[in-house]
Amino acid sequence: VAHTVFSKVDLQCWANNPAHHTEEMNNERLLVRRGQPFFVALQCTDMRANQSQWWFHKQEAQSELFLTVYSPADAPVGLYSMTVVLLNAEGHIQERIHAGSFYLLFNPWCKADSVYFPDEGQLQEYILNENGLLYQGSWDQIRPLPWNFGQFEKDVVDICFEILDNSPAALKNPEVDTANRADPVYVSRTVTAMVNSNDDRGVVSGRWDGEYSDGVPPTRWTGSVPILRSWSSGGAQRVRYGQCWVFSGVACTVLRCLGIPTRCVTNFSSAHDTDGNLTVDYCYNEQLENVSAGKKDMIWNFHCWVESWMSRDDLLEGYDGWQVLDPTPQERSDGVFCCGPCPVKAIKEGEVEVKYDTAFVFSEVNADLACWIIHEDGQRTQASLHHGTVGRNISTKSVYGEQREDITSLYKYPEGSNMEREMYEKAGRRVSERNGGSGQLELSIKHVQAVHGTDFDVVVEVQNKGSQDTPAKLTITSNAVTYNSLHLGECQRQSASLTVPAQKVHKEVLRLLYDHYGACLSEHRLIRVTALLQTSSDHDSILQEVNIPLAVPELDVKVVGVPVVSHKLTTYITFTNPLPITLRGGLFTVEGPGLTAAKEIPAPEDIGPGQIVSVKFSFKPARAGLRKLLVDFDADRLKDVKGSATVIVRKNKLTGNIYSPSYRSCHTNYLYPM
């Protein structure tokens, strides 16, 4: 009668996961990183077999056999099945026991891994931090947006691999796709395609027209986890709706979860150059009405993407490090709405032929803005040409705290420098100059920090640097626009015929009234003021414009109680209506990794002008550590009001501490990708 040798396999999750920086994901399932050993304990029986058979004898104190399992640093990431096999002297299988399954992830702590990151301290941010900051607003009024990545929340790792499994390549040829998952270039490019739903069973559907009644407004999201869970529970059905910061936030969650160091990046005044000529052209008629119909070139007030750290073994030397990955569906790449990975170094050096999509990203941070006046006789006059408008204050969250880090110098040389001109020539671009214009008059627009719900002034200054008085016509318009430059309607306009004295400055004040802009404002609360100065000279025009984001007060969020795992906490949220109108349909959305799943709390009543409303809810923290609770408020006439609270949660003393024992003995086993 044959006797079994092994009675049980212990995957030692409680010890392996902390050693592999995955204990926050789960301590009841094995999650390990490639290129780094992990340990398995085999519990053995103590029965003496027939003398004609091989058998084990254990001392009473030795009831376990410890195996050390080694994975290659270039093994495909994914879900593996592990089986332990005992062979007899002839090499035949004597016993087989299924040991369970585990996830194998990229390992930025391993020097042999292609995602190895040399500064281990920064991995606390780029892999392990579940809370982050995205940046919105305008280049001169930058606003941080807290975001919950939640890459270690329950089941998120399963959803991330579910996303890869639903890619067209995986569905068409799963064996080839599994082998390609050893390469972070392949995996990250797949992620950029799958985060948007344009071509496949992707996660998020993008929409920018303000019609979100059949989904969730993009501004309401405060983190990635509700989006990922909604996609998975819906059977890989797209989640409505997202815009660029939502796409980048979700991509960052997936890539960090898979083990690729990743950070979110915002490019202010980001060009969308569809024809590849490195110039964005805006066309107006003499009444300052936009006549760019049919042209898709535009400059977004800001645009968000991610950077991931990896070596580029598919390229020549010199392109390792940060790579741009843009999941927002803008243009097709190899027939698919995806972008990257594109080496940041290649962008800075104008190496636009380097794959992937370097020419497109180069234009996003370097394109010129040319404004044209189309006259009644059909002639076209260039009213302005801006070299330094695009690609400003490129931002990411600092690894040293909550402050913003400016990384513009990683993407481009200083404006006007010799190196910048050399880079332009290398990219096949000529530095153009503005056609026409006397140069005697200069036009500028100034404004203070504007608050939503108030009336405020915009000052247009016309400076005459010449020696003669100069007559001119000044036209000023204000338009409600989205952050990606879609015009929603004119708010106000003002015209004046004036004579600017020599060596003097004329100031024209446009007072913007809430009664005029309030009804047509988008959820982005953005007003574009455009000024056109026309002199008596034949078709001589100057045009300037600014984008003015309107500020709103933050929500007041207070957490009351002793923050301990599994102990009840109560949160009080207070909102003050800043508008001179009544708000209806108010809704608070709350979430926080390790604190609480996403919850919706309706406002108890309509909220009158200046009225204060408070709501409360309770939750029990699930995980210890530094946690962030994020809150959003939306109503019919006001959206995207944010608030947050930081909570330091202590462990529950009853749960005990995690510790790692020392191991002895080494062995091998068989691993099967699932």
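Visitor: Leaving aside its neighbours within four places in sequence, what is Glu420 in contact with?

Guide: Glu420 is in contact with Tyr413, Pro414 and Glu415. Contact here means heavy atoms within 4.5 Å. Before we go on, a word on the source: this is a predicted model, where local features need pLDDT of at least 70, side-chain atom pairs count only at pLDDT 80 or more, and totals for chains, interfaces and linings use all residues. Residues are numbered from 1 along each chain as its sequence is written, and side-chain values use heavy atoms, with hydrogens and water left out.

Visitor: Why is Glu420 called buried?

Guide: Buried means under 20% relative accessible area, exposed means over 50%, and partly exposed is in between (1.4 Å probe, protein chains only). Glu420 has a relative accessible area of 4%, so it counts as buried. You'll find Glu420 in helix 12 (residues 418-426). Helices (H or I, at least four residues) and strands (E, at least two) are DSSP runs, numbered from the N terminus.

Visitor: What does UniProt list for "binding site"?

Guide: The UniProt entry, an unreviewed one, lists Asn366, Asp368, Glu415 and Glu420. UniProt positions are given in the numbering used here, feature names are shortened, and annotations may be inferred rather than shown by experiment.

Visitor: How do you know that these listed residues cluster in space?

Guide: They are spread over 55 residues of sequence, yet the largest C-alpha distance is 13.5 Å.

Visitor: What makes helix 10 largely enclosed by the rest of the structure?

Guide: Count its residues: eight of the nine in helix 10 (residues 358-366) are buried, so the helix is largely enclosed by the rest of the structure. Among the buried ones are Phe360, Phe362, Glu364 and Asn366.

Visitor: And why is helix 3 described that way?

Guide: Helix 3 (residues 156-165) has seven buried residues out of 10, so helix 3 is largely enclosed by the rest of the structure too. Its buried residues include Val156, Ile159, Phe161 and Leu164.

Visitor: What makes something a nonpolar core?

Guide: It has to be a set of buried Ala, Val, Leu, Ile, Met, Phe, Trp, Tyr and Cys residues joined through side-chain atoms within 4.5 Å. The largest one here has 100 residues, and Val191, Trp245, Leu258 and Tyr411 touch the most other members. Helix 8 (residues 244-258) gives the most to this core, with 11 residues. Apart from it lies another core, of 58 residues, with Leu510, Tyr517, Leu595 and Ala645 among them.

Visitor: What does Trp245 touch, not counting residues up to four places away in sequence?

Guide: Its list includes Leu134, Trp147, Phe302, Tyr483 and His524.

Visitor: Why is a space in the structure called a cavity?

Guide: On a 1 Å grid over the protein atoms alone, a cavity is a set of points where a 1.4 Å probe fits but cannot get out, and lining residues have an atom within 4 Å of a point. Grid points are joined across faces, edges and corners, and a volume is the space filled by probe spheres set on the points. There are two cavities of 30 Å³ or more in this structure.

Visitor: How much space lies in the largest cavity, and which element supplies the largest share of its lining?

Guide: The largest cavity holds about 70 Å³ of space. Strand 7 supplies the largest share of the lining, three residues. Glu125, Gly132, Phe149 and Arg256 are among the lining residues.

Visitor: How does the lining of the largest cavity divide by class?

Guide: There are five nonpolar, two polar and four charged residues. Ala, Val, Leu, Ile, Met, Phe, Trp, Tyr, Cys and Pro count as nonpolar, Asp, Glu, Lys and Arg as charged, and the others, Gly among them, as polar.

Visitor: What about the second largest cavity: how much space lies there?

Guide: About 40 Å³. Its lining has four nonpolar, two polar and one charged residues, and Leu145, Thr222 and Lys642 are among those that line it.

Visitor: Back to strand 7, then: why is Asn131 called buried?

Guide: Asn131, which has its place in strand 7, has a relative accessible area of 11%, so it is buried.

Key. On a 1 Å grid over the protein atoms alone, a cavity is a set of points where a 1.4 Å probe fits but cannot get out, and a pocket is an open set with protein on both sides within 12 Å along at least five of seven lines; lining residues have an atom within 4 Å of a point.
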